[in-house]
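This briefing is for a reader who has not seen the structure before. Please look over the sequence and the model, then read the notes below them.

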Amino acid sequence: FVMEQIMDEMLKLAYMVCVLCMGAFIKDDEDYEKAFLASYAALHLVLILMHVKAALIPRTRAFAIGTVLHSILTLVLIVILETTLHGLCALDYAAIFFALFIWDSLQWYIVVPFAAKFFSSSPEERPNTPINVAHIAERYGLFIMLILGETLISLMGADLGDVNFADERTLIMVIFFIMTFLVAYCIARLYYDSQPPEEQIYQGSGNHALRMSVNRAVLYMNAHLFLFFGLLGLGIGVKLMSKHIDEEPTLLETGLSGYSLVLIIIALNLIRISHPNNTPWKIWALR
């Protein structure tokens, strides 16, 4: 038992080191991009080791096998994209990363159903979402609050210049700060209002997307992925606009924030759809 704990700890440590390396190698430079891709490949090697061990548990066997297959296919895809398409066809690394992102997004619809069909011998062994639904829902909510909080904190570093409320620039900056906070507040309220009340998800069945079906759980989790990207884009757009408040806004600044809000609204509605119908659609349409 002690040896198993040590193995789990070492695998978790290796996983975190791979993620750290991926973060360190984010730069618009080919050598950095190669190192990022190598770190991503190493991360999938660690995932294979983690889920080979998890395959020994009957309840997680099919899911673990599906994840191992996905990681192996991802490594093969990385080799093909790097050696063939990048080496021979000069495919840009941005296109390679986008292809890997699409493949990762599709794994729940391709590899996991395949594993469920061929590697589960009973309903108890079907790939399932995490058992502790309340824990997962809370962690998603905390991450949303962290991203929104970082968006607001980024505004605190903006230079107001000489504070003079008779000056148009000061008024514009103050109004911009307040409106950004209101947008963040509305996003947070819409996020929590799109889900069942907290007291309902601690127990029972059929009261949360993660407890209803695999398809609803997949929709719920993938909608969060797009929500995270939307919040990231919103934060970057707000940061850029606050730094260039005196200048004519560029298409990047206005477009990034605007289209990110569109993506956020779509993701919030997908999260709402994935859950049981607790709120009438007319109320959500008005929201």
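The notes cover confidence, cysteines, salt bridges and one lysine.

The model is predicted. Its chain has a mean pLDDT of 78, and 79% of the residues reach 70 or more. The count of salt bridges is 3, while the count of disulfides is 0.

**Confidence along the chain**

- Helix α2, residues 30–54, has the highest confidence in the chain, with a mean of 87.
- Confidence is lowest in helix α9, residues 281–286, where the mean is 67.

**Cysteines**

- The disulfide count is 0, and Cys18 is in no disulfide. The cysteine sulfur nearest to that of Cys18 belongs to Cys21 and is 6.5 Å away, whereas a disulfide needs the two sulfur atoms within 2.5 Å.
- Cys21 is likewise in no disulfide, its nearest cysteine sulfur being that of Cys18 at 6.5 Å.
- Cys18 is buried, at a relative accessible area of 10%.
- Cys21 is partly exposed, at 27% relative accessibility.

- Asp8 and Lys53 form a salt bridge in which the closest N and O atoms are 3.0 Å apart. Asp8 belongs to helix α1 (residues 2–24) and Lys53 to helix α2, so this pair ties together parts that lie 45 residues apart in sequence.
- Asp8 is partly exposed, with a relative accessible area of 31%.
- Lys53 has a relative accessible area of 19% and counts as buried, because buried means under 20%.
- Leaving out residues up to four places away in sequence, Lys53 touches Glu4, Met7 and Asp8. Asp8, one of these contacts, is also the salt-bridge partner of Lys53.

- Arg189 and Asp193 meet through their side chains in a salt bridge, with an N to O distance of 3.7 Å.
- The two residues, Arg189 and Asp193, are 4 residues apart in helix α6 (residues 168–193), which means that about one helical turn separates them.
- Arg189 is partly exposed at 42% relative accessibility, and Asp193 is partly exposed at 24%.

**Salt bridge between Glu138 and Arg139**

- The side chains of Glu138 and Arg139 also meet in a salt bridge, at 3.4 Å from N to O.
- Glu138 counts as partly exposed, with 43% relative accessibility.
- Arg139 is partly exposed too, with a relative accessible area of 42%.

Note on methods: Residues are numbered from 1 along each chain as its sequence is written. This is a predicted model: local features need pLDDT of at least 70, side-chain atom pairs count only at pLDDT 80 or more; totals for chains, interfaces and linings use all residues. Side-chain values use heavy atoms; hydrogens and water are left out. pLDDT is the predictor's confidence in each residue, from 0 to 100. Buried means under 20% relative accessible area, exposed over 50%, partly exposed in between (1.4 Å probe, protein chains only). Contact means heavy atoms within 4.5 Å. A salt bridge is a side-chain nitrogen of Lys or Arg within 4 Å of a carboxyl oxygen of Asp or Glu.
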